[in-house]
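The structure comes first, then the residues in turn.

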Amino acid sequence: FNSLTPEERREFWEELYAKPGFGIWLGNFRETFMDEEANAELSAFIADKIRERVKDPAVAEKLIPKDHGFGVQRVPLETNYYEVYNRDNVRLVDISDQGAPIETFNEAGIRTAGGEQFDLDIIVYATGFDAMTGAFDRIDIRGAGGQKLKDKWADGPETFFGLLVNGFPNLIMLAGPQSGSASANFPRGIESGVDWVTDLLQHC
């Protein structure tokens, strides 16, 4: 790291950033994991990349992590993720903003504490990381006849390839319990599940 100039480091990062896969994270200088200044420099590079890709500066700033450096938590290995925020039909709502926390889920969608209603066809619950059933247990998920998923899984999860649960026809999980992607190289392992679910939704 220190044997190169900042310009040479940036040139190296540009090369890694342009390639697919884990290179920008795991093919990088080891100092970026152990030295705060090195990590800060890499994090600033990544932040600049997000600013280049997201047209609205305010949205870009919301997408740049402020509470941790790049690579010290799971990194967003993605394809055109940031470009989604440039679409006219996409709006980023930061629920940590005053008036924006979710107040309730209703038949039409979501209402925030500030009284704004978001009418939605589909809600995807991104619940964070808690291995296997933990994240599902924190949500009152109910299936046919009002059966609770937590009760259904009281003696352990039962799924169809970690994607579906008998008696819960509207619940589709990506990388749910018993899925191959839950214990695989995740970006590669989840691909087969995403492809299968995509085909299912197109068929429906």
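F29 has a relative accessible area of 14%, so F29 is buried (under 20% relative accessible area; exposed is over 50%, partly exposed in between; 1.4 Å probe, protein chains only). The model is predicted: local features need pLDDT of at least 70, side-chain atom pairs count only at pLDDT 80 or more, and totals for chains, interfaces and linings use all residues. Residues are numbered from 1 along each chain as its sequence is written, and side-chain values use heavy atoms, with hydrogens and water left out.

The whole structure holds 13 aromatic pairs (Phe, Tyr or six-membered Trp rings with centres within 6.5 Å; planes under 30 degrees apart are stacked, over 60 edge-to-face, the rest tilted). One of them joins W13 and F29; the planes stand at 70°, so the pair is edge-to-face. The pair links distant parts of the chain, 16 residues apart. W13 lies in helix α1 (residues 6–18), F29 in the loop between α2 (23–26) and α3 (31–34). Helices are DSSP runs of H or I, at least four residues, numbered from the N terminus. W13 is buried too, at 1% relative accessibility.

Y81 and Y82 form another edge-to-face pair. Y81 is partly exposed, at 37% relative accessibility. Y82 is buried, with a relative accessible area of 6%.

| Pair | Centre to centre | Angle between planes |
|---|---|---|
| W13 and F29 | 6.4 Å | 70° |
| Y81 and Y82 | 5.1 Å | 70° |

W13 and F29 also belong to one aromatic cluster with F1, F12, Y17 and F45. The charged end of R9 sits over the ring of F1, 4.1 Å from its centre. That term requires NZ of Lys or CZ of Arg within 6 Å of the ring centre and within 35 degrees of the ring normal.

Technical notes:
Helices (H or I, at least four residues) and strands (E, at least two) are DSSP runs, numbered from the N terminus.
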